[in-house]
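My notes follow in the order I checked things.

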Amino acid sequence: MSGFLQFWQQGDVITRSVAALLLLMSISAWVVIFWKGWLLRRVRADIARAVPAFWAAANLDSGREQLAAFDRERVLAPLLLAATANPNVQTLEAQGHIDSQLTRRLRDALHAVLGQLQFGQVLLASIGSTAPFIGLFGTVWGIYHALISISAAGSITIERVSGPVGEALVMTAAGLAVAIPAVLAYNIFGKRVGACEAELEGFAHDLREMIGDAARGDADERER
């Protein structure tokens, strides 16, 4: 700790800026990690409870109530809303085939939900890919700054070089310490989001079949 404090005191604006940037990236990554871990755990629990409850309901209205009770993060309700929506008859949307209308609405709703679940992934990927290089830049600049100071002092010995260089290498370690949790979290969350996406796609497909069959049945009755 004393070595880092000495390195901080001897560093210039660039060195301190790099250290502050790494600290900000670390805080941002951990905030996203804790938030997404909490969010995805709730979403997976909601899907596991809400989907069986919906299909066990006696009718569509009861199913909607079951989703409202279990779908805390509202990842399933937008799909049901899209499936049961009635487009304006004076729009191009209403002129397409019933199955095409359902597919388009469910696709748009699914993309919106997945965008909600994937929020923060870009930040984790960016931190994981750039933090090591930022730390390496801080190390190179710190070594350069230390060598200039030693050269100005007029005497160069291994003792005078090893101390500042060793302290500058802390920046590389800091960059790795920031990047590794972000990369691991990105991979873990990507797998969990993929699992949720599969469940949501299955639910959307089943809704499309159910609503589509009912709509086609109503259309046949009107033709008769």
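**Entry 1: Arg49 and Asp46.** I looked up this pair in the predicted model. Their side chains meet in a salt bridge, N to O at 3.6 Å. I placed both residues in helix H2. They sit three residues apart, about one turn of the helix. Next I checked accessibility. Arg49 has a relative accessible area of 39%, so I list Arg49 as partly exposed. Asp46 comes out at 0%, so I list Asp46 as buried, the cut-off being under 20%.

Entry 2: I noted Arg72 as partly exposed, because its relative accessible area is 39%.

**Entry 3: the count, and another pair.** How many salt bridges does the structure hold? I recorded seven. One of them joins Arg208 and Glu209, with the closest N and O atoms 3.2 Å apart. Arg208 has a relative accessible area of 24% and is partly exposed. Glu209, at 29%, is partly exposed too. I then looked for shared partners. Asp46, Arg49 and Arg72 are joined into one network by such salt bridges.

**Entry 4: Arg74.** I checked the backbone here. Arg74 is not a glycine, yet its phi is positive, about 50 degrees. I located Arg74 in the loop between helix H3 (60–70) and helix H4 (77–84). Its relative accessible area is 49%, so I class Arg74 as partly exposed; exposed would need over 50%.

**Entry 5: positive patch.** Which residues form the positive surface patch? I listed Arg41, Arg44, Lys191 and Arg192. Helix H2 (13–55) and helix H8 (170–223) each supply at least two residues of this patch. I looked at Arg44 separately. Arg44 lies in helix H2. Its relative accessibility is 43%, so Arg44 counts as partly exposed.

**Entry 6: nonpolar patch.** I finished with the nonpolar surface. Leu176, Ile180, Leu184 and Ile188 make a nonpolar surface patch of about 370 Å². I looked up where Leu184 belongs and found Leu184 in helix H8. Helix H8 also supplies residues of the positive patch.

Notes
Residues are numbered from 1 along each chain as its sequence is written. This is a predicted model: local features need pLDDT of at least 70, side-chain atom pairs count only at pLDDT 80 or more; totals for chains, interfaces and linings use all residues. Side-chain values use heavy atoms; hydrogens and water are left out. Patches are made of residues with over 30% relative accessible area and no salt bridge: like charges are joined within 9 Å, nonpolar side chains (Val, Leu, Ile, Met, Phe, Trp, Tyr) within 5 Å. Accessible areas come from the Shrake-Rupley method with a 1.4 Å probe; for residues, only the protein chains shown count as cover. A salt bridge is a side-chain nitrogen of Lys or Arg within 4 Å of a carboxyl oxygen of Asp or Glu. Lys and Arg count as positive and Asp and Glu as negative; His and the chain ends are not counted. The place of a charge is taken as NZ of Lys, CZ of Arg, CG of Asp or CD of Glu. Helices (H or I, at least four residues) and strands (E, at least two) are DSSP runs, numbered from the N terminus. Buried means under 20% relative accessible area, exposed over 50%, partly exposed in between (1.4 Å probe, protein chains only).
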